[in-house]
Amino acid sequence: MSIAQSIVELAEEVAIKEQAGPIQSIDIEIGALSGVVLEALEFAMEISVKNTKLEKAKINYRVLPGKARCRECNREFETNDLLALCPGCKQANYTITDGKQLRIKSLVV
Ligand SMILES: [Zn+2]
């Protein structure tokens, strides 16, 4: 819920800074490894946008795959699971390089 609220607050701040009216649409990117469940966020957003500049906005969600680089064999691979093993060497010694983000990609006012 607090994540949805901060998205709404951030979007409103931008709209106010731009001296814009209601927000038409907003694109939100969710990394598959961000720990955010899309359905839960959608539900929380529905509630959080009430009486804000986002109330009538079309909200587009985009889930981005997680990426990791193996420290053993240097292989880069996609994973949507923090407990996955490297497909190359079956080790779990890797660095997450992408997929932890949760951000507003764009905003149309
Ligand atoms: Zn590996």
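Three strands make up an open sheet with the order β4-β3-β5 and antiparallel pairing. Two strands are taken as paired if DSSP finds at least two bridges between them. Strands (E, at least two residues) and helices (H or I, at least four) are DSSP runs, numbered from the N terminus. At the edges of this sheet stand β4 (76–78) and β5 (94–98), each pairing on one side only. From one strand to the next the twist averages 30°. Angles run from 0 to 180 degrees between N-to-C directions, and axes are lines fitted to C-alpha atoms, for helices over the stretch in contact.

The model is predicted: local features need pLDDT of at least 70 and side-chain atom pairs count only at pLDDT 80 or more, while totals for chains, interfaces and linings use all residues. Residues are numbered from 1 along each chain as its sequence is written, and side-chain values use heavy atoms, with hydrogens and water left out.

Within the antiparallel sheet, β3 (residues 67–70) pairs with β5 over four bridges. R69 has T95 in β5 as its bridge partner. The side chain of R69 also meets that of E76 in a salt bridge, at 3.3 Å from N to O. A salt bridge here is a side-chain nitrogen of Lys or Arg within 4 Å of a carboxyl oxygen of Asp or Glu. R69 is partly exposed at 33% relative accessible area, and E76 is partly exposed at 44%. These classes follow from the relative accessible area: buried is under 20%, exposed is over 50%, and partly exposed is in between (1.4 Å probe, protein chains only).

The other sheet is also described as open, with three strands in the order β2-β1-β6 and mixed pairing. Its edge strands, each pairing on one side only, are β2 (58–64) and β6 (102–108). Neighbouring strands of this sheet are turned by 20° against each other on average, direction ignored. Strand β1 (residues 25–31) runs parallel to β2, and the two pair over seven bridges. Across this pairing, I28 stands opposite Y61 in β2.

Two helices lie on this sheet. Helix α1 (residues 2–17) packs on the sheet and touches β1 and β6, its direction making about 35° with that of β6. Contact means heavy atoms within 4.5 Å. Helix α2 (residues 38–48) lies across β1, β2 and β6 and runs at about 160° to β2.

| Salt bridge | N to O distance |
|---|---|
| E29 and R62 | 3.4 Å |
| E29 and R103 | 3.2 Å |
| R69 and E76 | 3.3 Å |

What do the salt bridges of E29 link? The pair of E29 and R62 has its closest N and O atoms 3.4 Å apart. E29 lies in strand β1 and R62 in strand β2, so this pair ties together parts that are 33 residues apart in sequence. E29 counts as buried at 5% relative accessibility, while R62 is partly exposed at 48%. E29 also forms a salt bridge with R103, at 3.2 Å. That pair links distant parts of the chain, with E29 in strand β1 and R103 in strand β6, 74 residues apart. R103 counts as partly exposed, at 41% relative accessibility. Through shared partners, salt bridges join E29, R62 and R103 into one network.
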